[in-house]
Amino acid sequence: MIVNPFAEAGRKLSEWYERNEPQIRRVAEVAAQVMDGLPNWLSICAVTFARGGWSTASLGRMGMSELAELVNRLHDEPDDVVRRELDRAIPEYFRRDDHAQLRALVTRWDDEHFQERYRTFEEALWAHTQERYTLPIYSLAPQIEGVLRDVTGMHERRDPWMDRFNEAFGYAYERSKPTEPDWNGELSDFLALPLNERYEQLEAFEGFFALLRINELYINGKFSDLGFTSGRAKRHPIVHGVFKNYDEIESLRLFCALDLLHDAVVEYKRLETAGQLSEVDPGNQ
């Protein structure tokens, strides 16, 4: 009689399972806990980096163990500690291997969405790697506005190009009276969602912080205010020559903002193609 090889394999698999069932159950339980906790952990990452004025989106190649160590150490710390530590860790990350990750970031922009401006981005990258941070800061800040005007098709002086862009994503931001988000509230609302909705909403949750980073570049302020002209990179004081903080961190902040903008432009184009964009009332600017 010829033994059915599949039946024999099934018998051996059954015996193996019986011998190892306790361990298999433990592994399955751990795997389930990890999957349940993954969106929660990623949301904590997003909030921690947002509190420090950064986004995890541009750090996609950072090792999971390094990211976990950073977030686990900082997420319960005060905002000023989070900002200080991220301002140290993120430039260190982008400096490694002759700025390999920053080069990869910029190379990604050589596509139909940024191609007309790509030479500017390449030259800004070169200047940054040569520690000539004034040059990328001056060149990248106005490019961000140029990208937004091009994608919205609004080029006149008073056109509500930023409002048009925000409206596409259902986002609102008051640039004349910016307020810090309620970080704990944002996180609590997210964690209150059913698990399946947390997975669905995670991208939108991170997208909220990406739009925050882009909009922060256009905060209004007075040129006589040293906090405005010497603080973090903002388009208005930079292009008018009154910005005073030309260092590595602020140059990197603009590269990261452009990376966030690149992905947002891709999504904006998709919404436009699908006919899902509504008109913006110019009176709301």
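Tutor: This is a predicted model. In this model, the side chains of R253 and D87 meet in a salt bridge, with an N to O distance of 3.6 Å.

Student: Which helices hold R253 and D87, and how many residues apart are they?

Tutor: The pair joins distant parts of the chain. R253 belongs to helix α11 (residues 248-273) and D87 to helix α3 (residues 79-107). The helices are thus α11 and α3, and the separation is 166 residues.

Student: Is R253 buried or exposed?

Tutor: A residue counts as buried when its relative accessible area is under 20%. The value for R253 is 9%, so R253 is buried.

Student: What is the handedness of the crossing, and which classes of residue make the contact?

Tutor: The crossing of α3 and α11 is left-handed. On the α3 side the contact includes D87, I90 and F94, and on the α11 side it includes L252, R253 and F255. By class, the contact of α3 with α11 has no polar residues, five charged and ten nonpolar.

Student: Why are R270 and E267 separated by about one helical turn?

Tutor: The side chains of R270 and E267 meet in a salt bridge of 2.7 Å, N to O. Both residues lie in helix α11, and their separation is about one helical turn because they are three residues apart.

Student: Are R270 and E267 buried or partly exposed?

Tutor: R270 has a relative accessible area of 42%, and E267 has one of 29%.

Student: Which residues are linked with E85 and R84 in a network of salt bridges?

Tutor: The side chains of E85 and R84 meet in a salt bridge of 3.9 Å, N to O. The network that holds E85 and R84 also links E66, E69, R73, R88, E92 and R96.

Student: How many salt bridges does the structure hold?

Tutor: Side chains of opposite charge can pair when their charged atoms come close. The number of salt bridges in the structure is 22.

Technical notes
Residues are numbered from 1 along each chain as its sequence is written. This is a predicted model: local features need pLDDT of at least 70, side-chain atom pairs count only at pLDDT 80 or more; totals for chains, interfaces and linings use all residues. Side-chain values use heavy atoms; hydrogens and water are left out. A salt bridge is a side-chain nitrogen of Lys or Arg within 4 Å of a carboxyl oxygen of Asp or Glu. Helices (H or I, at least four residues) and strands (E, at least two) are DSSP runs, numbered from the N terminus. Buried means under 20% relative accessible area, exposed over 50%, partly exposed in between (1.4 Å probe, protein chains only). A crossing is left-handed if the near helix is turned anticlockwise from the far one by less than a right angle, and right-handed if clockwise. Contact means heavy atoms within 4.5 Å. Ala, Val, Leu, Ile, Met, Phe, Trp, Tyr, Cys and Pro count as nonpolar, Asp, Glu, Lys and Arg as charged, and the others, Gly among them, as polar.
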